[in-house]
Amino acid sequence: MDYAFFIEVLVGGLLSGIMYSLVAIGFVLIYKSSGVFNFAQGTMLLLAALTFVSLTERMVNFWVAFAITLMIMVVLGIIIERTVMRPLANQSLLSLFMATVGLNYFLEGLAQGVWDSAVHGVNLGISNDPIFLIDKFPEMGLDIIVSYFDMAAAGIAGLMILGLSLFFTFTRTGLSLRAVSDDHLAAMAVGIPLSRIWAIVWAVTGVICLIAGLLWGDRVSVSFTLTSAVLKGLPVILIGGLTSIPGAIVGGLIIGASEKLGEIYVAEWIGGQGIEHWWAYTTALLFLMVRPTGIFGEKEIERV
Amino acid sequence: MFYREAGKLVGSFGKDRRMLPLLEDRWLAVLFVAFMYFVVTALASDYMFTAILIPIMVLGVATLGLNIAVGYTGQLSLGTAGFMCFGAFSAFNLILRIDWMTIPLAFFLSGMIAGGVGIIFGLPSLRIKGFYLIVSTLAAQFFAEWVFNAYPWFLNYTSSGVVSLPMHHYRVFPGQENTPFNAAFWHSSQGRYLVTLTVTILLVLACKNLVRSNTGRNWMAVRDMDIAAKVIGIPVAKTKLMAFFISTFYCGVAGAMYCYCYIGNLDFMIFNLRRSFLVMFMVIVGGLGSILGSFLGAIFVYAWPIVITRGSDFIFGGGAIDTAFIENNSKIVVGTIIIVLLIREPGGFAALWASSKQKLRVWPFAQ
C-alpha cells in the first residue's frame, strides 16, 4: 500500500469532513436547545446561498449582500420559531421532526420560487489551488497534495466553533441557552424566557447556514443539490451524539475520512463507485452499535 | 353517525370481538367493497384508474407498512422507498428467471424478500433507539439505490437503467400468459385496478387482524414504552423484528405493485429518498397508528399536487403558466398544509374522522 497516498486520502477526507461538520453544527444547536431534529437545515443552506448569489449577481456589493442575507436568515429564523415551533411545543418529537420536513418543502419552494432553480457559481475569493506539502514543509517528508480551499474552510469552521463556544461560555444568553438545553422546565422556573432563547437559536442557526451554504456553494455550486448537504450532516451528528458540538466535529472527521478511504480502498472490490452515501451511514451504524447515543451524546436513563 | 352502539347486545364473546361490531358498519364495508369492485370498475375512466386509483392504493399499502413500524411500534423508518425498491426488483427477477412463477406468488415472495431485508436493517433497533435509528433505515435506502445501480444483473443488463415490463411477465397461471383473455386483462387499466384492489383489501384485512391480535398489542406496548413492555414479559426483540418484517413486507408488495400495476416498468430512480419522505408524510397526515388514516393520508398527499396543477390550469388556462412556478407553489402549499395540520390536528385525518364521528353520534343533543 502506498503510504503517502493513504495519508493524502486520509487528510483529504478529514478536511472534507469539516465541511460536513459545518452543516452538523446547526443541527446540534437546534436539537440541543429545543429537541427538534431540524431536517430543513439543507434547504436553509440553499436559501442562504441562493439569496447571496442572486444578490451579488444583481451587482450588489459582496459585503452588502452578505449583510442583507444575514438579516434575512435571522428574521427567517425568528419567523420559523414564532409560526412553526412555538405552536408545536410539547408535541411528540416525531411531529416536530415532520414539521421541519414540511418546512423543508416550504423553503424549497420559496427559495426557488423567489429566485430561480438554475445552477449558480459563487466565488468567495478563496483560491482552489492544491498545496504540495513537500514544497512548503520539506522537513515533514510527506509528498502529498492538500486543497487550499479545504484548509481555509477548516479554518473558518474552527473560528466558528471557537466563537460559538465563547458565546456559550461568556455571555448571559449563552448561559441561558445551556440552561435551556439542560432542562426546559427548570430553566423556565428560574425565569429564562424560553421562546426568546429558541428564537435566538434559530437565528444563530440561520447565520451558520449562511456561512456553511457559501462554503458549500463555492465548492459544489449553488443549486438544488445543495439541499443534500443535510444528508451528509445526518450521519455526522448521529455519530457524534445529537447534543454535542465537539461531537459534530469528531463525527465529521470520522465520516469524512471513512467516506474517502471507503471510496478509494473498498469501492473497487464490491462493485463500483458511488458507495459514499450508504457507506457513511453504515459507518455511523457501526459506531452506534457500540455507543447507541453517539460518541458524546447524553445517555438517557430510562425508568418505568 | 346516525346509528349507535346503544341497545345492540351481543350473545357471545366471538361476536363481541369481531372486527366491525356494528351491523351497520359491516353493511357499509360490504357496500363499499362492492362499490369499488363493480361500480368503479364499470364507470371510472382510464385516467381515473391509472393516475389516481391505482397509485393511491399502492402508496396506501406502503403507507400502511410504514405505519406498522412508526405508528404501531414506534420505530422511526425513513427507508420505505428503499424497501419498495427491494420488493420491485425481487418481483421482476423472480418472474424473469423462474418459468413457473406467477404474479400473485411473485408479489408474495417479493414481500417476503423485502421483509428479510427489513429484518436485517431492523436488527440495530434492538440497541439503538429514537432518532439514532434513522441511520439504519437510511442506510437501507441508500444501499438499495446503490446496489441496483451497481449490479446490472438485477436489471437484466439493460443499458438504459429502465426496463419496461414485457407482457409475458404478467401471468396468473404459468403457461397462460399468451391467452387472449390474459393479455386483454393486463392491458386494460381495469384489470390492473382489480388486481391492485384485491391485494390491497387482503393486506388491509390482514393488518386489521394483526393489530388486534397478540402481535399488534405487543407492538403497541413496545411503542408506548419498551422497558415497561419488557418488564411485563413481552419479548421486545422478537416484537421489534416482527414489526420490521411485516412493515417491510407491505412495502415490498407495494413496490412490486408499483411497478407491475402502476407504472409498468422498473426503474430504481423512482424509489428515492424523496418518495420515502412522501410516504412518511402520508403516515403523519393520515394519522399515526391508523389503518384508515394510512389511506386518507395517501389520498391527500398524492392528490394535492394534482388538484393544484389542475386548478391552476383551470383558472389560468392550461400551459399558460410556467411548470416550475406551479411546482414551487405546490411545494409551498404542501409544506404549509403539513405544518398547519400538525399544529391543528396532530392526530391527522384519522383523528379528524374519529372526532367528527363522535360529533355525529351525539348530534343533535350535545355539542
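In chain B of this predicted model, residues 24 or more positions apart account for 76% of the contacts (heavy atoms within 4.5 Å) with a separation of 6 or more. Residues are numbered from 1 along each chain as its sequence is written, while chains are lettered from A in the order in which they are written. In this predicted model, local features need pLDDT of at least 70 and side-chain atom pairs count only at pLDDT 80 or more, whereas totals for chains, interfaces and linings use all residues; side-chain values use heavy atoms, without hydrogens and water.

The secondary structure of chain B comprises 15 helices and two strands, taken as DSSP runs (helices H or I, at least four residues; strands E, at least two). The radius of gyration of chain B, taken over C-alpha atoms, is 21 Å, close to the 21 Å that the globule rule (2.2 Å times the number of residues to the power 0.38) gives for 367 residues, so chain B is as compact as a globular protein of that length. The C-alpha trace of chain B spans about 65 × 55 × 45 Å along its principal axes. Of the 367 residues in chain B, 49% are buried, that is, under 20% relative accessible area with a 1.4 Å probe and protein chains only.

Chain B meets chain A through 42 residues of chain B and 51 residues of chain A. The area buried between the two chains (accessible area lost on being put together, 1.4 Å probe, summed over both) is about 4200 Å², of which carbon and sulfur atoms give 77%. On the chain B side, B:Phe131, B:Tyr132 and B:Trp146 lose the most area to chain A, together 19% of what that side buries.

Note on methods
Buried means under 20% relative accessible area, exposed over 50%, partly exposed in between (1.4 Å probe, protein chains only).
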